[in-house]
Amino acid sequence: APSNPATEFSYNQDVVGIPEFAGPKVGARSNLVTMEVELKPDSAGVLYALGAFSGGLSLWVDKGQLSYEYNLFEIQRTRIDTQGALPSGKVKIEIESRLAEPKRAAPMDVVIRVNGQEVAKGRVPVTASLAFTANDAFDVGLDSYSPVSLAYFDRAPFKFNGRIGQVTIRYL
């Protein structure tokens with residue numbers, strides 16, 4: 001399958017429906033996602049998503065916490081949630097994902113930081129070897145096609161109700 005040769009990506013909130021093969025490989029490569037987000041106490045919605053209900057990953061905010069889910073083809077779902085209230089106003093969110101070994105399907109360690117402070121971490125036991133789907137997409141600010149997570153399945157596309165500034169993704 002064709003693959004985007006880029007190693008760094010820059011997006012804004014208007015990016016929806018980038019075919020998975022052309023978007024960032026956040027589910028299969030070590031990477032750092034950095035986002036500028038304006039949060040309020042009632043902030044809710046998907047910040048970014050890749051893939052679909054059949055397999056993918058997503059980061060969303062709901063009820064004062066960030067949640068990250070890695071859905072390995074509905075066989076295994078790994079969810080990492082922050083604890084405690086998120087700050088209001090402009091915040092910097094970072095999701096650092098590192099493969100534990102340089103091989104396909106390796107475990108992935110995920111760290112979530114808000115304004116430079118670690119707020120959650122976890123391990124995805126097995127990652128997708130290449131891609132999640134042939135027909136879904138990478139989105140910023142919503143989950144446009146089939147929702148990755150059961151947590152917001154009934155609210156899909158679960159559009160973020162705030163403002164997302166710059167989103168930068170780079171491979172590590």
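Glu96, Arg98 and Arg113 are joined in a network of salt bridges. The model is predicted.

Is glutamate 96 buried or exposed? Glutamate 96 has a relative accessible area of 15%. That value is under 20%, so glutamate 96 counts as buried.

In total, the model has ten salt bridges.

| Salt bridge | N to O distance |
|---|---|
| lysine 103 – glutamate 101 | 3.6 Å |
| glutamate 118 – lysine 121 | 4.0 Å |

Next, the pair of lysine 103 and glutamate 101. Their closest N and O atoms are 3.6 Å apart. Lysine 103 is partly exposed, at 48% relative accessible area. Glutamate 101 is also partly exposed, with a relative accessibility of 34%.

Last, the pair of glutamate 118 and lysine 121. A salt bridge connects their side chains at 4.0 Å, N to O. How exposed are the two partners? Glutamate 118 is partly exposed, at 47% relative accessibility. Lysine 121 has a relative accessibility of 60%. This is over 50%, so lysine 121 counts as exposed.

Definitions and conventions: Residues numbered from 1 in each chain as written. Predicted model: local features only at pLDDT ≥ 70, side-chain atom pairs only at ≥ 80, totals over all residues. Heavy atoms only, no water. Buried < 20%, exposed > 50% of the residue type's maximum accessible area, 1.4 Å probe, protein only.
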